[in-house]
Amino acid sequence: MNGIQLSILNGDKSINFGAVYENAVAQELKAHGIDPLYYNSPNHGELDFVVEQGGKVVPVEVKSGKHYQRHRALAFAMSVPEYEIETAIVFNDDTLTVKDNVFYAPVYMSMFLAPPPLPDKMIYEV
């Protein structure tokens, strides 16, 4: 990362926070018991994370720039009927908004993603 740690500590606002935000969101997901997966298609791009929420697939993108509503790979994934993706989340530097079934939320709100619930009954057989 070529000294990004020192740049952050010195308050340098010109650095690209993309990798920092992605790592923070990944750690937050794991801390809440959510196992994030990664999706990459040579023809259509990558999705930062793919998680399960309420029995449904939810892609999660992390954007650090002002053009956070541009996400070609996410738009493609949501347009494929076989994927059955109803909603997506884009964590960014701006405020909470919803547009075309995409929830845009500040990065800090990643702490509010709920872990998968445990079943009502767990039966173990020996």
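Buried means under 20% relative accessible area, exposed means over 50%, and partly exposed lies in between, with a 1.4 Å probe and protein chains only. By that scale Q69 is partly exposed, with a relative accessible area of 38%. The model is predicted: local features need pLDDT of at least 70, side-chain atom pairs count only at pLDDT 80 or more, and totals for chains, interfaces and linings use all residues. Residues are numbered from 1 along each chain as its sequence is written, and side-chain values use heavy atoms, with hydrogens and water left out.

**The chain as a whole**

- The secondary structure comes to 3 helices and 6 strands, where helices (H or I, at least four residues) and strands (E, at least two) are DSSP runs numbered from the N terminus.
- In sequence order these elements follow the pattern α-α-β-β-β-α-β-β-β.
- The C-alpha trace spans about 55 × 35 × 30 Å along its principal axes.
- Of the 126 residues, 32% count as buried.
- Among contacts between residues at least 6 apart in sequence, 44% join residues at least 24 apart; a contact means heavy atoms within 4.5 Å.

**F17, between the helices α1 and α2**

- F17 lies in the loop between α1 (4-9) and α2 (18-31).
- F17 counts as partly exposed because its relative accessible area is 24%.
- Leaving out residues up to four places away in sequence, F17 touches I8, D12 and S64.
- F17 and G65 are 48 residues apart along the chain, and their C-alpha atoms are separated by 8.2 Å.

**Q69, between β3 and α3**

- Q69 is found in the loop between β3 (56-62) and α3 (72-79).
- Apart from its neighbours within four places in sequence, Q69 is in contact with T97, K99 and Y104.
- The C-alpha atoms of Q69 and S79 are separated by 16 Å, with the two residues 10 apart along the chain.

**D100 and N101, between β5 and β6**

- D100 is placed in the loop between β5 (97-99) and β6, and N101 is found in the loop between β5 and β6.
- Phi of D100 is near 55°, a positive value in a residue other than glycine.
- Phi of N101 is near 65°, also positive in a residue other than glycine.
- D100 counts as exposed because its relative accessibility is 64%, whereas N101, at 48%, counts as partly exposed.

**A nonpolar surface patch**

- Y108, M111 and F112 form a nonpolar patch on the surface, with about 360 Å² of accessible area together.
- Patches are made of residues with over 30% relative accessible area and no salt bridge, joining like charges within 9 Å and nonpolar side chains (Val, Leu, Ile, Met, Phe, Trp, Tyr) within 5 Å.
- A salt bridge is a side-chain nitrogen of Lys or Arg within 4 Å of a carboxyl oxygen of Asp or Glu.
- M111 is found in the segment after β6 (102-106), and M111 is partly exposed, with a relative accessible area of 38%.

Key. Accessible areas come from the Shrake-Rupley method with a 1.4 Å probe; for residues, only the protein chains shown count as cover.
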